[in-house]
Amino acid sequence: SAPAQLRRTLRPGRDGTDSDEAPRALRPAGVLALQRTAGNAATVQLLSAPHLYSGTGLVLQRKGPDPVESTGAALRALQDWATGEARRQKVHDAAAVVGLDPKQAASVRQATSRLAAYVPTLRSAGTKFDPALSALKGAVALARDAQKLAGGRMDSVDTANLSHLRTQSADAVAKTVQLLGALSGSATQVSGLVTGLKAIQAALNGGNSIGEVLKYLNRSVTDLQQLRDEGTKRGDAAVMLDILLRGFLAVNDPTFPAAPTAAEVALVRPKLSGGLGEEIAEVFGSSVDYDFFVEFANSWGQQLDARRAIASTTAKPAPAVPDRGDAQAYFGALSKKGNSDVFDAYTGFASAFFVHRGIAGEADLRKGVDDLFSAKASITGRRGLVCTGYATMGAEVLGKAGAKLDGFSVGVHADNDMVLNQRFDEQGHAIARMTRSGTAFCVSNDVIIQTKNALVGKGAISWGDTSKPMFVGDGATMDAAVDSLLAKLAARRRVLLRR
């Protein structure tokens, strides 16, 4: 915890009454002085029971929580809540959790407000170099003027002006050295730079080649700018994180008044595909404890990209979470595009607006398209579904884009014990088998596999426990494919029971 500080809020006046003199904070040295004059016991009592000294005007003042630490604590608490809620809702990914707890939302709102207010303090580690950088750039400008003058034929007046410019440039370098020396806590950072600047100052005063001097001046500007940029890096990362957190709140509450502006979205957008992992680590020292927000950054970036693609294709604004009609309109507008464009559009759409939630029961396997699109979006802005849902949804939207449905397939790996006990170690997988413009392909979750059957045969993907036998059901509809799979498992069980 932050060290305790003693603060005298009122001082006794000469007549023995309280004075309204401005309060003074007692530094650690003041605490030591109090120990010497009043003794350790009295000092400890003041620190542990300050209310006993209310009549003396002495009070205990503690530093408030560090905004970065309190923000990190709030985000970790939300991540822990989401993990627990995933178990309660029986989804295997916190990103599929539906319904943000109001207390968690309020905590994140407070955290982002504190973080935004603290950004100038974080940036001060770099902005403190600004006066020195300005002075050094002034030295460079003067040296350039001197170089221009030295490049031509000079008379006595030109010679005097050249000497004056060199002297002014040297003075500007000296001012830079002075400003750098006055920066507290920066001696190690600037020691090498200061040594070089002193040599440049001597060269300017000593008549060395102005071209050579200018080369080293420019190099010094680059070095000092780098120090400045490194110093502001944490503050810049905090800005990115603040935008991300407000984006998260806006995804969960369309009426959130502090949603990121278009300019802020444009600023953070190029970084989202990396999950803002570097920025989160820059702020907190590590991104390990913030996986939920790293994943959200990725999904938010995908949603922004997908909405831009939808708006560009349909010439209409894209909703935050597209419904069935929006999806049909989007893929219908892609009907004349090539396979590559259509397949990319599906991958972008499916990964942006849907998330695999895990199978809770047979009913999850049989959900229709209306059920899938009417489901409430999760706290990451995506609707939860399972592999059969991806296949069902994909078959419809890609059908609008000109693809032909050849059928559905559902499979599961199961050994004899699993079949007998009707308990399976894996959830299985489902695909939609389709053809477009002569190309056979399969919808496998949020990706397109260009093969005739992604579950079996040539080009099949590897999934599940391949050491166990695989049972596959096929059908013209998803219900028919599920029925076929269940019938095959039931038939195998009957054989095993007769043994």
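**Exercise 1.** Determine whether serine 437 is buried or exposed.

*Solution.* Relative accessibility is classed as buried under 20%, exposed over 50% and partly exposed in between (1.4 Å probe, protein chains only). Serine 437 has 66% relative accessibility and therefore counts as exposed. Its place is the loop between β9 (429-436) and β10 (439-444), where strands (E, at least two residues) and helices (H or I, at least four) are DSSP runs numbered from the N terminus. The phi of serine 437 is near 50°, a positive value in a residue other than glycine.

The model is predicted: local features need pLDDT of at least 70, side-chain atom pairs count only at pLDDT 80 or more, and totals for chains, interfaces and linings use all residues. Residues are numbered from 1 along each chain as its sequence is written, and side-chain values use heavy atoms, without hydrogens and water.

**Exercise 2.** Classify leucine 276 as buried or exposed.

*Solution.* At 1% relative accessibility, leucine 276 counts as buried. This leucine lies in the loop between α9 (262-272) and α10 (277-284).

**Exercise 3.** Identify the residues with the most contacts inside the largest nonpolar core.

*Solution.* A nonpolar core is a set of buried Ala, Val, Leu, Ile, Met, Phe, Trp, Tyr and Cys residues joined through side-chain atoms within 4.5 Å. The largest has 48 residues, and Phe331, Tyr346, Phe349, Met393 and Leu398 have the most contacts inside it. Helix α13 (residues 339-353) gives the most to this core, with 8 residues.
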